[in-house]
Amino acid sequence: MADRPEGYRQQPVEVQNFIRYLPVAWEDTRLLSGYPAESVVIARKSKDSWYISGLNGTENTKSFRVNLEFIKDSIQLIQLFSDTTDGKQIKIENSAFDTKELNIECQPRGGFVVWVKLRK
């Protein structure tokens with residue numbers, strides 16, 4: 001994490017909590033998609049959660065289709081953090097349903113993180 005403490009304090013509480021509890025050790029890591037200098041989507045698992053992150057390396061808005069078929073457990077919650085269209089805020093979306101595919105619009109030179117909480 002590379003920012004001033006004030007930068008983190010200005011974020012919504014959901015973002016602060018996400019950063020605060022982000023694991024530092026992983027049980028599994030998978031490259032879901034990517035192409036050099038264009039985009040990347042990586043998934044990492046820790047305990048009862050998957051963390052999926054993506055970066056758009058282009059100057060254009062990019063649609064990411066993220067297939068969740070690799071997750072064999074039942075999904076309890078999906079929380080998406082992504083850039084707003086102006087790139088100055090973080091948009092937070094929650095889903096409380098079990099889905100196997102996400103369609104994410106990623107801003108130019110932007111990114112996203114998806115927290116997938118598994119049912120116990």
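A quick tour of the model

Visitor: In the protein chain, where is confidence lowest, and where is it highest?
Guide: This is a predicted model, where local features need pLDDT of at least 70 and side-chain atom pairs count only at pLDDT 80 or more, while totals for chains, interfaces and linings use all residues. Residues are numbered from 1 along each chain as its sequence is written, and side-chain values use heavy atoms, with hydrogens and water left out. On pLDDT, the predictor's per-residue confidence from 0 to 100, helix 1 (residues 5-9) is lowest at a mean of 80, and the highest, at 98, is strand 2 (residues 39-46).

Visitor: Which strands stand at the edges of the sheet?
Guide: Helices (H or I, at least four residues) and strands (E, at least two) are DSSP runs numbered from the N terminus, and two strands pair if DSSP finds at least two bridges between them. Here 6 strands make an open, antiparallel sheet ordered 1-2-3-8-5-6. Each edge strand has a single partner, so one of its sides lacks a neighbour in the sheet: that's strand 1 (28-35) and strand 6 (90-95).

Visitor: Which side chain makes a polar contact with the side chain of Gln79?
Guide: A polar contact is a pair of N or O atoms within 3.5 Å; within protein, one must be able to donate a hydrogen and the other to accept it, and residues adjacent in sequence count only if both atoms are side-chain atoms. At 2.9 Å, the partner of Gln79 is Asn94.
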